[in-house]
Structure formats: structure tokens, C-alpha cells
Amino acid sequence: NVFAADSDVPEGAVAKVESSGEYYDTLQEALDAAKDIMVDVDHENQTVTLVADTTESVSVPWVKTRDTANDFNLTVDLAGHTVTGNGSASVFSFSNTSSYGASYHMNVTINDSSTEKTGTVRGGVASSGGGIYFNGKSGDTLTINGGTFTDNTASTGGAVYSSTSTASVVVNGGTFTGNTASSGGAIASLNLTVNGGVITGN
């Protein structure tokens with residue numbers, strides 16, 4: 001369901017698309033709406049903010065078309081809330097499946113704007129990337145500025161997995177702990193930059 005923009009958070013709302021001010025009762029619906037705005041309105045920068053805890057695994061495919069003349073720039077603000085996976089997939093899955101227009105990129109940022117920094121991504125179970133699966137192309141970037149990634153499980157990349165060496169993963173903050181994988185307990189990426197954050201006990 002979509003709720004009209006309002007200064008108060010509607011009962012049952014889970015996430016808000018900041019550009020429209022509209023609330024949605026699942027994170028998946030909010031992410032889909034943000035993607036539609038990027039395509040239909042040609043507004044490349046979108047932020048989806050959590051307004052409640054939620055249990056769901058979400059998938060966001062980006063397909064560049066001839067008529068989409070902009071990057072996919074998405075920010076997910078955990079805002080102190082917890083996203084718990086459904087136990088059978090990555091909590092977040094982002095895939096750039098475009099075959100047209102290699103000059104346009106998919107850039108995803110994970111923030112936690114809460115004062116207490118309690119935003120959490122947990123409970124993902126997948127073959128690759130229990131917390132986040134990032135299937136980017138050359139020049140695409142996943143940036144993690146905040147959030148706690150814990151209790152995620154995968155064969156490769158317990159918390160985060162990037163599928164290609166040409167896409168970048170940049171960690172500026174956040175905590176990665178208690179994640180499990182045969183390879184890359186916290187993060188599996190061949191193009192990883194760690195500028196901050198805490199990675200321990202994976």
C-alpha cells in the first residue's frame with residue numbers, strides 16, 4: 001500500500017521515499033517506487049528511509065534503457081531501524097543488468113542517520129552476500145557509511161558480496177560482526193576500500 005505524504009508516519013508504514021514524501025507498507029514497495037521515479041521522472045538521486053523495523057528480503061534490478069539518460073543513485077537510510085531477511089535470500093540484492101549505455105552507473109549507499117546508530121541488517125541467508133548482494137558493472141559503487149551487519153550467512157561474503165572486480169565496495173563506517181561464510185566472513189570483494197567502520201568477530 002502507498003500512503004499519502006504526511007508529517008506524521010501513517011500506521012503500518014515501513015519506508016518513505018523522500019522525493020515524493022510518500023510512505024509504503026513494505027521496503028520493497030518503497031524501493032520499487034524510487035526506481036520508477038528515476039526512470040519516469042528522470043530524477044537520478046533517490047533516498048528511501050526506513051520508518052519501522054521490517055522482515056523482508058528485497059531485490060532491486062536496474063536495467064538501463066535507451067530512454068533512461070541518468071545513473072541509478074539510490075540511498076537507503078536505515079534510520080535506526082532493523083531489516084531482517086526472510087531467511088532464504090540476501091537481505092538486499094542490487095543488480096545492474098543493463099546491456100545498453102555503459103556510461104551510466106548503479107551507485108547504492110547505505111546510511112544510518114539515527115543518533116544511536118542502531119540501524120541493522122541481519123538474518124540474510126544466501127549463497128553469496130547474506131546481507132547485501134551487489135551485482136555491479138564497471139564503475140558501479142556500493143558505499144556503506146553506517147549500519148550494523150550481523151547474523152548474516154553465506155558461502156561467500158557473509159555480510160556483503162560484490163560479484164565483479166570492476167565494481168567498487170567502499171566502507172566508510174558501520175559495524176560488521178557475527179556474520180558467517182566459508183570465504184569472506186564479513187565482506188567478499190575484489191575491489192574493496194575500507195576507510196572506517198568496525199570489522200570483527202566474523
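Mentor: Let's start with a word: buried means under 20% relative accessible area, exposed means over 50%, and partly exposed is in between (1.4 Å probe, protein chains only). This is a predicted model, where local features need pLDDT of at least 70, side-chain atom pairs count only at pLDDT 80 or more, and totals for chains, interfaces and linings use all residues. Residues are numbered from 1 along each chain as its sequence is written, and side-chain values use heavy atoms, with hydrogens and water left out.

Trainee: Why is Phe149 called buried?

Mentor: Its relative accessible area is 0%, and the cut-off is under 20%, so Phe149 counts as buried.

Trainee: What makes Phe149 and Phe176 a stacked aromatic pair?

Mentor: Rings of Phe, Tyr and Trp (its six-membered ring) pair if their centres lie within 6.5 Å; planes under 30 degrees apart are stacked, over 60 edge-to-face, the rest tilted. Here we have 4.9 Å centre to centre and 5° between the planes, so Phe149 and Phe176 pass both tests and are stacked. Phe176 is buried too, at 0%.

Trainee: What does that pair tie together?

Mentor: Phe149 sits in strand β15 and Phe176 in strand β19, so parts 27 residues apart in sequence are tied together. Strands (E, at least two residues) and helices (H or I, at least four) are DSSP runs, numbered from the N terminus.
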